[in-house]
Every structure is written in structure tokens, then in C-alpha cells.
Amino acid sequence: MKIIKAKITKDSTLVATYKDENGTTTVEGKNLVTSDLINAFSKLNPHAALLTEQKEVDGIESVDEVPDIIGQVLDVTGYSIGGDGDNEGVTLVAKRFLKTGKVLNLCAPFTMFNNENESYINAFELEQEIQSCEFEGKEYLFNKKWRIVQQELPFEEDTANADVQPDAIPEAGTDFNQEVAEFQQAMNDAGVDIIMNGKKIKSRKPRKVKQLAS
């Protein structure tokens, strides 16, 4: 299986076309690409600058001599593989950020990897960087190597409050009333005072029963 086209979209997802024994298939990813895939594409920026003869690389031939600042003015967003055998090569698609804030779309000329007639002296390094992009593209498409985004858990205040209810308090039964009556009688017999809610409740002393003369 070989990825023949790949593009990072403005939404930071990946669109790729790959070829296998079943034919050609195009996949539009919905998940965000990882920093590894973005870095792999960024390694193509110096090549795009050289192939499109940007002013930042005037007088430079080796890709290793391209200043790192090139990534601030130019960004490769996609590539397309063409040809086969010794004629296999790639076309880079990039965008240049203008001083006006607008974007200039760039398309580098088709560059072969291993053809002796290819004038680009960095063709071998270009092929290696394309292979790195392909590896990360396959990881994204088939091994679910996506950027993980922190998401908030849904929470509905009304629903949460409705789920929390106070415990029901059972009504006092006859046994409880009987116990209260017995306690009250015991306090009365003991002749002690009871304080409830800051109020003193005096005990009821038993009445003396006068004996009638016989």
C-alpha cells in the first residue's frame, strides 16, 4: 500500500489517497493530525522554497543551508506522487504568507527522486522526507494516531438537582408515642425538670389522695 497524495486541511485534518491491490482509495479524516505529522510536513518547507526559488534561498543550493525562518513565510500543505521506477517523483503544494496577510498558493515543479537527469541536487533528501510523511499518514489512517483533545463533560444543573432528594423521615408510630409517655411518667415520678427549646417544663408531681375518715 502506498500513499500517493496527502494534504493537511485548514481544519488540521488529513485527506489522503492511497493505492493498494484493490485500487485507489481517498480517505477524508475527521480527527486532528498529530504534531509528528505536522513536523514531517514541515521538513518539506526548505525543499519547496528551493524548488520555487523563493528570495530567502537566493544563492543557496543545499537543503541544509536553508534558514529555519523559512517556516514562518512558507508552509507545505500537501504533496502528490507521480511516475514510477526511475521516473517516480513528487509535486509539492505550499502556501506563502504575504505581508498583506493574504496567502499565495505555490506549486513546485514535478521533481524526480532517482533520475540521473534530475537537476535538483537534494532529490534523495526529498524522497526521505516524503517517506516520513507517508509513515505518519499511515499511522493516522490505519492506527488511529490522532491528536487527543480534552473535552468537557456535559452537565445539566437542573437534572443534577432533581436527582438529589432529601431522605424521607418516617412518621412516629404508636410504639414511639408509648415510649414518650413512659419517659414523661418516669420524669414525673423522679420530680426533675425538663428543658426543651430553652423552656423549662416542670414535672408533674403525683396528687395526694386524701383518705376519707371511716
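Me: Is Phe142 buried, partly exposed or exposed, and at what relative accessibility?

Reply: Buried means under 20% relative accessible area, exposed over 50%, and partly exposed in between (1.4 Å probe, protein chains only). At 41% relative accessibility, Phe142 counts as partly exposed. This is a predicted model, in which local features need pLDDT of at least 70 and side-chain atom pairs count only at pLDDT 80 or more, while totals for chains, interfaces and linings use all residues. Residues are numbered from 1 along each chain as its sequence is written, and side-chain values use heavy atoms, with hydrogens and water left out.

Me: How many aromatic pairs does a search of the whole structure find?

Reply: Rings of Phe, Tyr and Trp (its six-membered ring) pair if their centres lie within 6.5 Å; planes under 30 degrees apart count as stacked, over 60 as edge-to-face and the rest as tilted. The search finds two pairs. The ring centres of Tyr18 and Phe142 are 5.3 Å apart and the planes stand at 75 degrees, so this pair is edge-to-face. Tyr18 sits in strand S2 (residues 14–20) and Phe142 in helix H4 (residues 123–142), 124 residues apart. Here helices (H or I, at least four residues) and strands (E, at least two) are DSSP runs, numbered from the N terminus. Tyr18 is buried, at 12% relative accessibility.

Me: What about the rings of Phe41 and Tyr79?

Reply: Their centres are 5.9 Å apart with planes at 40 degrees, so the pair is tilted. Phe41 belongs to helix H1 (residues 35–42) and Tyr79 to strand S4 (residues 74–82), so parts 38 residues apart in sequence are tied together. Phe41 is buried at 2%, and Tyr79 is buried at 3%.

Me: At what angle do H1 and H4 pack?

Reply: Two packed helices are described by the angle between their axes and the distance between the axes. Axes are lines fitted to C-alpha atoms, for helices over the stretch in contact, and angles run from 0 to 180 degrees between N-to-C directions. H1 and H4 pack at about 155 degrees, with axes 9 Å apart. They are therefore roughly antiparallel (under 35 degrees is roughly parallel, over 145 roughly antiparallel, 65 to 115 roughly perpendicular, the rest oblique).
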